[in-house]
Amino acid sequence: MPPMHVPFRCCLLSLLAGLWPTPPAAAQDARTAAVQVTATVTVEPPAIHCAWVPDPTASGYQVVRRLAGTTGWGPLVTIPGGGSATSWTDANVAVGVRYEYWFTKNGPPHGQSFLAAGIEVPPVHDRGTVVLVVDDSQAAALGPRLDRLVDDLVGDGWTVRRHDVAPTQTPASVRSLIRAEAIVAAAEPDQGPVRAVFLLGHVPVPYSGDIMPDGHADHRGAWPADTYYGQRQGSWSDSFVHSTGAVRPANWNVPGDGKFDPSVVPVPIEFGVGRVDFADLPAFALGETALLQQYLDKNHAFRHGHFTVARRAVLEDNFGFLYGDYPAASGWRNLPTLVGPDQVTVADYFTTLDAADGDGWLWAYACGPGSYTSSAGVGTTVDFATRTNRNVFSLLFGSYFGDWNTTDNFLRAALGCGWTLATAWAGRPHWSFHGMGLGEPLAAAAVVSQNEQGIAVNSYRSVHVALLGDPTLRQHVVPPPHAVTVVDTWPSAQVHWQPAADAVAGYHVYRAEAPAGPFARLTPLAVDATSFVDPAPLEGPSTYMVRALRLETTPSGSYWNLSQGAFASTFLPEQQASHQSHGAGCYTISDSFYQWFPTAAAASAACSGRSIVLTPNDDGYRVDLGGAIFVPPSAGATPLALADDGMAEVPLAVPFPHPGGSASSLFVHENGIVGAAEGTPPAAALPDVAALLAAPVAAWYSWHDFTTEEPGSGSIVVETIDGTLCVTWDGVESAPADVANPGTLQFQFELATGVVRLCWPALSPVGDADAGNEPLSGPHLIGWSPAGPSADTGPIDLGVDLPIRFGATNVAALALTASPAPVSTPLDGTLLTYTIDHTPEAAPGTGVHLGATFLGLTAITNGYPLAFAGMPGCFQHVDDLVDVVAAVGFGPSLVTTFWLPPGFPPGFEFHATAAALMQPFSLPNGANAFGAVTSNRITSFVAPQ
């Protein structure tokens with residue numbers, strides 16, 4: 001295969017060819033080195049009928065079989081009829097199973113071909129993971145097209161893992177990314193194993209070996225070796241090969257130069273690697289970026305059936321027999337099997353494919369003596385740059401250009417021309433694309449071709465075997481459905497779509513939480529309608545995908561083929577553009593406090609042996625943990641005569657002061673409540689937070705379902721000791737009545753000062769519950785509330801949050817609101833107005849109010865507590881901040897604005913919270929030591945209405 005521009009080499013090769021054994025004249029046709037075999041199938045009884053084109057050079061045929069995807073072949077079968085045989089039937093088959101056959105022909109010359117065959121093979125819904133590695137210098141320019149490519153890959157059943165890398169990175173660093181993804185994928189059942197690697201752009205090119213697969217000593221050395229990216233294991237050293245005889249220094253390989261030693265892949269290939277790389281192709285009028293854009297456009301168009309491609313092939317052979325082999329056998333062993341022997345036309349490659357219209361040719365093969373930029377008898381790189389080439393899969397062979405990382409390389413240039421989406425240097429070794437007859441992608445053909453050994457001449461797992469093109473492509477296209485919509489019929493959802501352009505057997509529907517998947521199939525069997533009811537949709541965001549299904553009849557038998565997916569994202573139940581408030585700001589300063597214990601056991605664990613002290617402070621209380629000592633009742637203590645859930649008045653020697661007033665009597669309720677006036681709740685026994693906050697009179701609470709009427713119960717007694725009224729529940733029983741569960745607690749009222757102490761020497765952990773373990777008399781409620789309604793600031797933890805201070809008046813927390821609704825269409829957006837109410841003065845008497853609105857993409861669901869920053873009770877509500885808008889005003893309401901641009905997808909949400917500055921320690925409870933307060937969170941749901 002001499003370069004066309006070096007005549008001396010042509011003469012030398014002609015001389016050498018005369019020394020090589022020449023087969024009979026009849027064997028000069030490369031088709032005699034193949035078995036042009038195809039399959040037809042029957043379902044009942046199951047059978048695969050194989051037939052091939054008669055070959056006058058044949059003296060006999062054999063066949064072996066294996067299950068597709070396995071490595072070991074079954075027993076050799078000699079086909080009856082000798083060289084005149086043209087068919088063979090395999091009746092030992094099952095419907096739905098993929099088989100591979102290896103047919104061999106006795107010669108001379110020896111011939112062989114592979115055939116994938118099956119009967120109604122099931123569709124492949126999940127193809128595994130593809131690692132998409134993108135040249136980062138091209139990523140921005142390809143942005144929307146890359147997004148569309150990912151959608152197409154997902155729509156064909158792939159899980160996509162993308163990495164952007166610099167062309168200057170080392171191949172080792174790129175391989176480490178791919179290997180890491182393979183390790184993760186192997187551990188994630190929803191993801192599927194890595195089966196393909198798609199290199200897009202001038203991703204770093206590994207070189208390896210000391211090889212000359214085109215037979216030229218001046219081209220011996222390291223060749224591009226994308227096979228390096230196709231395996232997790234295997235040692236690729238760079239320590240012993242020393243080869244500098246090639247004309248081009250790019251092929252030189254010496255220890256430590258970054259080019260690897262292996263000439264043969266160290267271990268079998270695991271992932272099919274495909275590359276689309278238009279760097280250094282000056283013959284094209286379009287530059288590298290434009291060629292990549294063009295490729296992604298035609299890739300999308302082919303996948304979706306935007307142009308029709310006839311299932312036929314053209315083959316041009318300018319070699320015949322060459323040094324013991326027929327290079328064009330790669331064409332004759334694949335094309336008839338993929339499109340049928342009667343659909344293979346022997347014709348000039350460029351002349352046939354360079355058409356202005358028509359359905360083109362799905363496959364093509366051409367070979368001839370080559371250079372880096374040409375193949376004699378076929379054409380040059382300039383032809384690819386200037387012709388239409390209505391062909392999708394193009395196999396080429398000739399000297400030199402199999403080393404594809406060169407200026408204006410002939411093999412690589414094919415991808416820049418016309419419809420062509422993939423090419424390979426097919427002849428050394430011979431490639432095996434037979435699996436594509438049953439819907440397999442190019443990646444599977446690459447793995448088989450790179451791993452097979454001893455089947456064909458030069459099939460030795462050489463590192464140079466390369467696929468140029470998208471490795472996920474398949475050859476049979478089913479036009480997809482379109483215009484998928486989702487109708488909210490909560491608690492179900494209706495998915496509708498417009499039918500595919502061609503006749504199909506039905507549709508499968510899939511659903512995922514996010515557009516990138518993974519998708520779960522919702523239809524065990526394909527539906528023949530154009531709608532589907534999802535009886536249990538996901539609440540919140542989800543994406544539906546619909547794929548058409550067709551029974552594909554090919555020269556390999558039949559299989560169920562799926563189209564690309566058509567998508568619709570939704571948010572269910574459907575939500576109009578809206579703002580929703582979550583959480584609360586700080587601080588709502590209440591004139592009450594409480595701690596709620598859901599069970600007697602919780603109250604016992606938290607309170608037994610502890611006390612709290614309520615000390616009058618300005619117009620409220622300061623509450624501290626500890627500081628009180630239980631005083632056991634004396635023999636002179638007065639027991640109160642209380643009916644179950646009853647109340648008794650205790651007159652005082654002097655009026656008792658409390659926030660908001662004074663009391664001349666205290667009213668003791670059996671269930672652990674002491675009121676400053678008559679009318680203290682409750683009428684029922686069980687604690688109730690709402691009743692505490694709405695109490696019409698001031699009262700102190702250790703509220704529990706106590707009962708002095710239970711046999712064995714102690715009493716509630718009162719006595720005054722040194723000016724302090726002690727009210728003691730002395731071993732008083734509580735429900736249930738069938739167990740012993742006495743508790744002791746004590747209220748101490750220091751009559752002169754207004755100090756109140758609560759002591760809990762011992763509370764029983766035993767309470768009551770119903771059969772569902774819902775507490776009945778177990779709860780315990782501790783707190784204080786003045787007369788009249790109190791703001792509910794939520795429970796506090798007496799063991800953690802003390803000391804605290806409470807005022808006699810309520811203080812409103814920051815409140816954030818937003819309007820109007822966050823509407824975003826492709827053309828219009830919304831100016832949002834955020835109002836921060838109840839902002840305090842930055843400093844008392846100044847009249848100046850300072851605040852800000854914070855917008856982010858991530859909500860902190862329960863808020864992040866800011867106690868560490870001197871703001872106990874305040875929370876940070878948003879993360880991933882994208883904007884901060886400050887505001888200054890002279891009143892408690894501050895206004896900020898934010899522009900929501902057009903083009904946001906329905907269901908997109910973002911979040912806002914606000915903060916205001918104030919003088920530290922200026923709140924009644926002293927909680928704002930940092931000098932800031934925060935608001936609630938607003939979650940905004942974007943919609944086009």
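Me: On a 1 Å grid over the protein atoms alone, a cavity is a set of points where a 1.4 Å probe fits but cannot get out, and a volume is the space filled by probe spheres set on points joined across faces, edges and corners. What volume does the second largest cavity have?

Reply: In this predicted model, where local features need pLDDT of at least 70, side-chain atom pairs count only at pLDDT 80 or more and totals for chains, interfaces and linings use all residues, the second largest cavity has a volume of about 110 Å³. The structure holds 5 cavities of 30 Å³ or more. Residues are numbered from 1 along each chain as its sequence is written, and side-chain values use heavy atoms, without hydrogens and water.

Me: What makes a residue part of the lining of the second largest cavity, and which residues are they?

Reply: A lining residue has an atom within 4 Å of a point, and those around the second largest cavity include D156, F302, R303, H476 and Q564. The lining divides into 5 nonpolar, 4 polar and 3 charged residues, where Ala, Val, Leu, Ile, Met, Phe, Trp, Tyr, Cys and Pro count as nonpolar, Asp, Glu, Lys and Arg as charged, and the others, Gly among them, as polar. F302 also belongs to one aromatic cluster, together with F307, W363, F393, W419, W431 and F433.

Me: Why is the aromatic pair of F384 and F410 called tilted?

Reply: Rings of Phe, Tyr and Trp (its six-membered ring) pair if their centres lie within 6.5 Å, with planes under 30 degrees apart counted as stacked, over 60 as edge-to-face and the rest as tilted. F384 and F410 lie 4.9 Å centre to centre with 50° between the planes, so they pair and are tilted. F384 lies in helix α8 (residues 381–386) and F410 in helix α9 (residues 410–413), so the pair ties together parts that are 26 residues apart in sequence; such helices are DSSP runs of H or I with at least four residues, and strands are runs of E with at least two.

Me: How do you know that R248 lies over the face of Y372?

Reply: A charge sits over a ring if CZ of Arg or NZ of Lys is within 6 Å of the ring centre and within 35 degrees of the ring normal. R248 is at 5.2 Å from the ring centre of Y372, and K259 lies over the face of Y207 at 5.5 Å, so both distances are within the 6 Å limit.

Terms used
1 Å grid on protein atoms, 1.4 Å probe; cavity = no way out; pocket = protein on both sides within 12 Å on 5 of 7 lines; lining within 4 Å.
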